[in-house]
Structure formats: structure tokens, C-alpha cells
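Please walk through the charged side chains of this protein. Keep the sequence and the model side by side.

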Amino acid sequence: MARIEKSSLRITTMIVVFPLIVLLLYGLLTHMFFFFAQHGELHEELQKYEKTLMDAQKDSLREKVENLVQFIRYYDGRSSEKIKEDVKNIVNVTANIANNLYAKYHDHMSEAKLKEVIKSALRKIKFEGDIGYLFLLDLNGTLLVHVDNEMVGKNIMHIQDIKGKFILKEFNRVLRAYGEGFVDYYWYIVSEDRRKMYYKISFVKMLNFYDWYVGAGEYLKYMRRFVQDDILKYIKANARFKHGYFFIFNSENQLLFHPLESLEKRDVLTLQQVGFSSDEKYLSYTQYVPEYDWFITANKDLAEIHASINAKKESSVAKEGEHRKTSLYLLLFTWLISIGLSLYLSMIINRKLKSYEEQLQDANEKLVFQSRQALIGELFSMIAHQWRQPINKVASILALLRYRLGHQKISYSEIDQRCQEVEESVEFMSETIDDFRTFYQPKEASEWVDLQALIEKSIQFLEASIRKKDLVLEIDLEPIKFRLYSNEFLQVMINLIKNAVDAVDFRGRIAVSLYQKEGKIYVVVEDNGRGIDATILEKVFDPYFTTKENSMGLGLYMTKMIIQKHMNGEIHARNLPQGGVRFTIILRLEDAK
């Protein structure tokens with residue numbers, strides 16, 4: 001009660017000043033909020049402006065690079081088609097030569113001699129530049145004419161390229177279906193390492209005799225070599241644009257083209273960094289063209305953009321100064337309003353608080369009184385259980401003495417023994433009164449106590465109730481000390497164990513355990529009784545909530561209050577899967593220091 005009065009006095013003293021402080025702080029925070037909000041808006045506006053400019057520049061750079069890449073691929077495709085058309089024309093010319101030779105001499109020469117004439121004529125056909133070479137085969141897969149003399153005369157029908165494609169079978173499929181056509185595959189270059197194969201496109205055409213066909217092809221890397229110079233010339237002619245230029249690198253960090261006389265340091269950093277990159281002076285966008293192993297970069301000077309952003313910043317600073325002056329006037333006005341409201345609210349809150357304190361004090365006194373009444377009833381019931389057996393024993397001894405004395409069949413030693421037994425029973429009853437009187441008296445200060453001993457004492461108080469139901473009591477207690485109010489902890493354990501006794505049937509089971517784990521103390525009381533309905537499990541710690549007859553519903557409420565307020569601990573209840581309820585108290589060792 002004294003503690004509540006002190007708290008009330010402190011609150012009453014602060015209540016006059018606190019609203020004023022709150023409202024003044026509110027005014028200050030409002031001013032700061034508006035100031036920083038306006039500052040943030042201007043900053044955000046500037047950032048959006050800067051982002052809009054940069055996004056526009058990025059879109060422009062990306063568009064320039066993508067347009068250039070599209071031109072490269074278009075020109076590459078068109079040139080590749082032109083080379084394929086040249087290869088096709090060469091094969092057609094060669095086929096016409098072979099067909100004409102056969103038509104001219106097949107009636108005048110033997111077949112063997114005519115074949116040698118045709119093969120000799122085809123060997124003499126040379127291509128201009130590096131378009132490729134001519135080859136002659138039959139449908140069975142025998143190579144008749146080829147630039148690689150080691151392969152001539154061999155059957156290569158079952159040869160596969162590095163992708164697993166049967167090359168000659170693909171030739172035969174196209175020839176049987178169309179008579180001529182293009183076939184792509186991988187093949188070695190005769191003048192280079194034959195263990196390496198490169199992508200190649202060949203055109204094959206069926207001849208009019210001997211099931212022979214002729215073909216020629218070109219490697220992709222040679223095809224593209226023809227068009228690279230033309231593309232680079234185009235890029236050099238269009239390398240510069242407003243405040244920027246293009247330059248090209250390859251994956252080996254070789255500069256293929258740059259419009260400036262020397263390569264700048266920042267340009268080196270953009271090598272193979274696909275996408276956007278930037279610093280204080282430049283913005284770049286790079287895209288990779290795998291067909292040529294080119295990194296095409298568009299590079300733009302940001303000086304013009306920085307000048308525009310700085311002008312926008314100067315405008316924002318001017319606006320911020322005007323907003324700051326407005327916010328200051330608003331702060332002064334807010335403080336004047338706050339002082340007036342503070343005085344008014346202080347009076348209202350003070351009256352409400354006093355009324356609430358009176359109601360709370362009445363309710364608290366009533367609750368404490370009811371709790372004490374219930375506790376006294378429980379104590380009388382426990383004392384009655386503890387006294388019943390010794391009183392019966394004393395009555396039995398007195399009846400026996402009266403009988404023996406009436407028949408004069410008793411000795412002095414037996415009288416002395418019986419008196420001693422009566423004295424022991426009376427002493428036990430006196431100790432019981434002392435135990436319960438000590439339990440009821442509150443302590444003024446917490447102390448280090450043996451939790452194991454207190455739990456054993458609480459069990460001793462309820463021994464008669466436990467024995468009456470013939471309950472199985474399982475006890476597993478570790479020797480642990482903790483700083484608390486011993487009588488309050490005793491009250492908590494009596495409440496929990498008594499609830500367990502009430503919940504179980506005859507010859508039921510109750511388990512009480514005490515152990516320490518990871519800096520926490522656990523006290524567990526569980527039973528194998530009927531359990532608690534899941535719909536009301538969360539309400540068992542509420543005041544005046546009970547499922548028992550002739551109960552006020554304060555036992556578990558007071559238990560929870562004691563654990564939380566005086567022990568800074570926790571208590572939880574849950575139903576067990578096999579039936580029954582488990583109550584768990586958790587205390588932190590650090591709270592006892």
C-alpha cells in the first residue's frame with residue numbers, strides 16, 4: 001500500500017509538468033518533421049530530376065549501342081548470305097562442268113578413264129580468295145576428291161563431328177530429298193591443327209551420273225573475316241556523337257578501335273563490363289557481340305548533365321530557406337497552443353487519475369481480502385488434515401489407558417510409554433501450527449532460499465490429501481538456491497500441487513521436478529488427470545475464473561502475480577498428449593543476482 005501511495009504521489013507531481021513537456025516536444029517535433037519533410041521533398045525532387053536525366057542518357061546510350069549491334073548483325077547476316085550464295089554458285093558451276101564432261105565422253109571412253117578425267121578436271125578448279133575448297137563423294141561415303149590427299153579414297157560414312165552429327169548421312173538425306181542443299185556441321189581446317197573442329201556451312205549437289213555429288217563450304221570464322229573490315233570502317237565513320245563516341249575491345253583486352261589518340265584509364269575499366277558503368281565524368285554502356293568477340297561501348301561526357309543538376313540544386317537551396325522560415329513561425333505558434341492545452345489537460349488528467357486510483361485501490365483491497373480469506377480457508381483445511389491422525393491416536397491411547405486402569409492391568413512403564421506417545425502427537429500438532437503460522441507471515445525482504453527444501457515442505461503440507469487419494473508422487477528435485485520470498489514461493493507450490501491433487505482420481509499420478517538448464521530454473525508440476533478444456537486453457541490465470549465448486553478462482557491468478565511481480569518469472573500451462581496438465585515455472589538465474 002505504501003508503495004502505491006508513493007507511486008501515486010510521484011505521478012501526481014509529474015502530471016502538471018508532463019503534459020506541458022509533451023506538448024512542447026510535440027511542437028518541436030512537428031517543426032522538425034515539417035522541416036525535414038520539406039528538406040526530404042526537395043532532396044527527393046532533386047534526386048528524381050537527376051535520375052530522370054541519367055535515365056534519359058542511359059536510354060540514349062543503350063539505344064545507340066543496340067542500333068549499332070543490330071546493324072552489325074544485319075550486315076553480317078547479309079554478307080554471310082552473299083558468301084553462301086557464292087559457294088552455291090561455285091558448286092553449280094562445278095556440277096555443270098562435271099555433267100558436261102560426262103555427257104561429252106561417256107560414249108567414247110571407258111568408265112574408269114572417264115572417272116579419272118572428271119576427277120582430274122575437278123582437282124584443277126581453284127577458288128578465288130578463302131571461300132573454301134571443293135570435294136567430291138559418292139553416296140556410299142567414299143571421298144573421291146578433297147584438298148586433304150590423306151582422306152582421298154577412304155570411306156568416311158560413319159565419321160561424326162564434335163556434336164555427334166553423322167556428316168555424310170546428313171549430306172545423303174538432303175540430296176535424296178532435294179537433290180541439293182546446305183548442311184552445317186563442324187570440321188577441321190586442313191592447314192591447322194586437325195584435332196580442332198570449327199563450324200562450317202557447305203552446299204552439296206547431286207551429279208547426273210555414278211551416284212556422285214559435289215560440294216564446297218566455308219568456315220564461319222573465315223566468312224566473318226570478310227565483313228569485319230567493312231563494319232569497322234562504318235563504325236569509324238560514325239564513331240562520334242554529341243558529347244560522346246564509340247570504341248571497341250575484344251575478350252583478350254585488345255583495343256580494336258578508339259577515336260581518340262590515346263586510351264584513357266577509365267576506358268580500360270569498362271573492358272568486358274557488360275551493361276552500364278559510370279564515374280564523376282563519364283557514363284558508359286557496353287554490349288557484347290559474341291559473333292565477333294567484340295565489346296562495343298558508347299561513352300558519354302556528363303559535364304552538361306552535372307551543370308544542369310547544379311543549377312537545380314541552387315534553386316532547391318533557395319526554396320529550402322523559404323520553407324525553413326515558414327516552419328519557424330509554425331513552431332512558435334504551436335508552442336503557444338501547447339502551453340494553453342497543457343494547463344487544461346493537466347487539470348482533467350489529474351482528476352481522472354485520482355478517481356482511477358481510488359477505484360484501483362478499492363478493487364485491490366477487495367482482491368487481496370478475498371485471496372486471504374481463501375488462503376485462510378485452505379490453511380484451516382490443511383491443518384485439519386494434519387491434525388486428524390494425531391488426534392485419533394491420542395484418543396486411542398486415552399481409551400486404552402482408561403480400559404487398563406479400570407481393570408488394573410497396566411504397569412508404570414506402560415503408562416510412561418503411552419504418555420510419551422501422547423506428547424509426540426501433541427508436539428507434532430504444535431509443529432504443524434508453527435509451520436502454517438510461519439507460512440502465513442509475510443517477509444519484508446527476499447532472501448536466498450533452498451528451492452528443494454521449500455518444495456518438499458509444500459508437499460508435506462499436502463501429505464494428508466495425497467495419502468487420502470493414495471496418489472503416486474514422483475519427485476525429482478535438484479539442489480538449487482534462488483533469491484525470493486520463501487512464503488510466497490511456498491504459497492505458489494501449494495496452489496499448484498493442490499490443484500494437481502484435486503484434478504486426479506484415486507491412485508492417480510503427480511510429478512514434481514526442479515532442474516536448471518541454460519541459465520534458467522524450471523519448476524514443473526504435472527498430473528495425469530482430466531486435463532483442461534482447450535477453449536478455456538488461456539483463461540485459467542484470470543481472476544475469479546474457476547471450474548471448481550466452492551472456489552473463488554483466485555489461486556492461479558495469485559500464483560501468476562507472485563511469479564511475475566516478485567520473481568520476474570513466467571508460468572505456463574498446457575495439456576499433455578497422454579492426458580493431464582503440466583504447469584511450468586521459469587525463473588532466470590540472472591534475476592536473482
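**Charged pairs and a buried lysine**

Arg 530 is exposed, and Asp 505 is exposed too. Exposed means over 50% relative accessible area, buried means under 20%, and partly exposed lies in between (1.4 Å probe, protein chains only). This is a predicted model, in which local features need pLDDT of at least 70, side-chain atom pairs count only at pLDDT 80 or more, and totals for chains, interfaces and linings use all residues. Residues are numbered from 1 along each chain as its sequence is written, and side-chain values use heavy atoms, with hydrogens and water left out.

The side chains of Arg 530 and Asp 505 form a salt bridge, at 3.5 Å from N to O. The pair links distant parts of the chain, 25 residues apart. Arg 530 sits in the loop between β16 (520-527) and α11 (555-567). Asp 505 sits in the loop between α10 (486-503) and β15 (509-517). Helices (H or I, at least four residues) and strands (E, at least two) are DSSP runs, numbered from the N terminus. A salt bridge here is a side-chain nitrogen of Lys or Arg within 4 Å of a carboxyl oxygen of Asp or Glu. Side chains of opposite charge can pair when their charged atoms come close.

The structure holds 16 salt bridges. Another of them joins Arg 582 to Glu 526, with the closest N and O atoms 2.7 Å apart. This pair also links distant parts of the chain: Arg 582 is in strand β18 (residues 581-588), Glu 526 is in strand β16, and 56 residues separate them. Arg 582 is partly exposed, at 24% relative accessibility. Glu 526 is buried, at 11%. Both belong to a network of salt bridges that also takes in Glu 474 and Arg 509.

Now turn to helix α1 (residues 2-105). Lys 51 and Asp 55 both lie in this helix, four residues apart, about one turn. They form a salt bridge, the closest N and O atoms being 2.8 Å apart. Lys 51 counts as exposed because its relative accessibility is 52%. Asp 55, at 28%, is partly exposed.

What is the setting of Lys 119? Lys 119 lies in helix α2 (residues 111-123). Lys 119 counts as buried because its relative accessible area is 13%. Its side chain makes a polar contact with the side chain of Glu 116, at 3.3 Å. A polar contact is a pair of N or O atoms within 3.5 Å; within protein, one must be able to donate a hydrogen and the other to accept it, and residues adjacent in sequence count only if both atoms are side-chain atoms. Lys 119 also touches Leu 136, Leu 144, Val 145 and Trp 212, not counting residues up to four places away in sequence. Contact means heavy atoms within 4.5 Å.
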